[in-house]
Amino acid sequence: MIAEKQYAPELANFIGSSPTAFHAVALAVDLLKKNGFEQLDEKETWERLPAGKYFVLRNESSLIGFIWQDRAKSVEMIGAHTDSPCLKVKPKPVIKTCNCFQLGVEIYGGALLRPWFDRELSLAGRALWHELGSSELHSSLLDFKRPIAIIPNLAIHLNREANKLQEVNRQSDMVPLLSLTEEEQPDFLALIEKQLRSQYSLPEQIAVTDHELFFYDAAPPALIGLEEQFLSGGRLDNLASCFAALQALLAADTNETTQNCMIMLNDHEEVGSTSAVGAQGSFLRDILERLLPNPGERQAMLRNSLLISADNAHALHPNFADKHDPQHQPLMNKGLVIKVNANQRYATNAKTSARFRLLCEQAQVPVQEFVVRNDMGCGSTIGPLTAAKIGVETIDIGIPSLAMHSIRETAACKDCWYLYQVLQTFFTPARS
Ligand code: ZN
């Protein structure tokens, strides 16, 4: 179990080592394996599983991990998402303007675009490759881990209106610059092949056929502020919740917990969750059906269970206090936020919120509430989607944070620790 002092630095480290959903899941797999969790393969049929610790992957970007008991009556669940808004390299990305080598990107999810300008950017993701002369495909993660690109702003002298509200053109303005070159057509795939060879000991003759590569802020997450109360970094939404869920599962001792404990770390939340690996897809339902093939047994267990959907909330921004409902202004360092929405953008109801409050009391963690202003639109998360899919009672909660969906987001270290405390208490109530 992690001590409070160590928690924020370890979280920063986890996020810094997880530039993409693929990397976050790979790190989670490492941790689970080290702690005795056994990997299950969806391509095989499973016999009724003996009590134990297991995990399953889909697409290397979504993970379900669980501690399974023989006679448990409930399966307590924590959901979070592995993806974050960012810039994704297009299939044919190479752009040559004069002597500038640039890459065309798609915008993944609802990214706040302005903060991407003048940042040192690195590139990471997954590449599919084969040896020349062989048709056997391999999938490898790669990460340049150094600033290899930048999207420079236009100087204010060339755009005197720049400080007024101006639209960012998603096609022409967001084009990272990689190098100056005299080459007619720089070979991007060769660049990826070279990176793969430098990371793994691969044969000289390999060919990359496809890739899913994402730009990210090369500056690692850091503890900042006069008293280092803040964690600043990319992808706090929602790797801060993934990390807490994972640590809660690792801390749940098979002997001490009499319930089943399960975490779902889903990809594709930022683009609506409709995919084979997203919360709107079949992943969780398929796994539950395998674990409990009898529909009556499965439904009874789900009706006895609770899902905590953990995703970041909006903390009150000191410069924009009027953006919050006056009665619902979550403050940083003041605990976890229960998210409520009458129109079911969040799945919280009075019953689940009451249960969560008691859980927080048990874990000695303060609680706050968030409701969006009536004159503003409300975000959503995997909570309502999962609840609708499997009919489990659900609560949406999260740590309060600033600048959500920016290239760097900010949260209070203490709130990150609080989340871990509550999730751990949820999985191992006997210990608290
Ligand atoms: Zn989120």
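This is a predicted model: local features need pLDDT of at least 70, side-chain atom pairs count only at pLDDT 80 or more; totals for chains, interfaces and linings use all residues.
User: Where does N99 lie, and what C-alpha separation does N99 have from L180?
Analyst: Helices (H or I, at least four residues) and strands (E, at least two) are DSSP runs, numbered from the N terminus. N99 sits in the loop between β5 (86–97) and β6 (100–108). Although N99 and L180 are 81 residues apart along the chain, the separation of their C-alpha atoms is 5.4 Å.

User: Is N99 buried, exposed or partly exposed?
Analyst: A residue is buried under 20% relative accessible area, exposed over 50% and partly exposed in between, using a 1.4 Å probe and protein chains only. The relative accessible area of N99 is 31%, so N99 is partly exposed.

User: Which residues coordinate the zinc ion, and at what distances?
Analyst: Donors are N, O and S atoms within 2.8 Å of the metal (3.2 Å for Na, K and Ca), and sites may look incomplete because water is not among the atoms. The zinc ion is coordinated by H81 (NE2), D237 (OD), D311 (OD) and D311 (OD), with distances of 2.0 to 2.6 Å.

User: What is the arrangement of the four donor atoms around the zinc ion?
Analyst: Four donors count as tetrahedral if all angles lie between 85 and 135 degrees; four count as square planar and six as octahedral if opposite donors are over 155 degrees apart and all others between 65 and 115, while anything else is irregular. Around the zinc ion the four donor atoms subtend angles of 54 to 139 degrees, so the arrangement is irregular.

User: How are the donor residues of the zinc ion spaced, and how far apart in sequence are the parts tied together by D237 and D311?
Analyst: The spacing of the donor residues is H-x155-D-x73-D. D237 belongs to helix α4 (residues 236–251) and D311 to the loop between β14 (306–310) and β15 (313–314), so this pair ties together parts whose separation in sequence is 74 residues.

User: Are D237 and D311 buried or exposed, and is the peptide bond from D237 to N238 cis or trans?
Analyst: Both D237 and D311 are buried. N238 lies in helix α4. Most peptide bonds are trans. The bond from D237 to N238, with omega near 15 degrees, is cis.

User: How do helices α1 and α9 pack, and are they roughly parallel or roughly perpendicular?
Analyst: Axes are lines fitted to C-alpha atoms, for helices over the stretch in contact, and angles run from 0 to 180 degrees between N-to-C directions. Helix α1 (residues 4–16) and helix α9 (residues 413–427) have axes 9 Å apart, at an angle of about 100 degrees. Angles under 35 degrees count as roughly parallel, over 145 as roughly antiparallel, 65 to 115 as roughly perpendicular and the rest as oblique. The two helices, α1 and α9, are therefore roughly perpendicular.

User: Which residues of α1 and α9 meet, and how do the residues of this contact divide?
Analyst: From α1, E4, Y7, A8 and L11 meet C413, K414, C416, W417 and Y420 of α9. Ala, Val, Leu, Ile, Met, Phe, Trp, Tyr, Cys and Pro count as nonpolar, Asp, Glu, Lys and Arg as charged, and the others, Gly among them, as polar. The contact of α1 with α9 comprises seven nonpolar, no polar and two charged.

User: Where does N333 lie, and which residues does N333 touch?
Analyst: N333 is in the loop between β15 and β16 (336–339). Its phi is positive, about 75 degrees, although N333 is not a glycine. Not counting residues up to four places away in sequence, N333 touches Q229, A412, K414, D415 and Y418.

Technical notes
Residues are numbered from 1 along each chain as its sequence is written. Side-chain values use heavy atoms; hydrogens and water are left out. Contact means heavy atoms within 4.5 Å.
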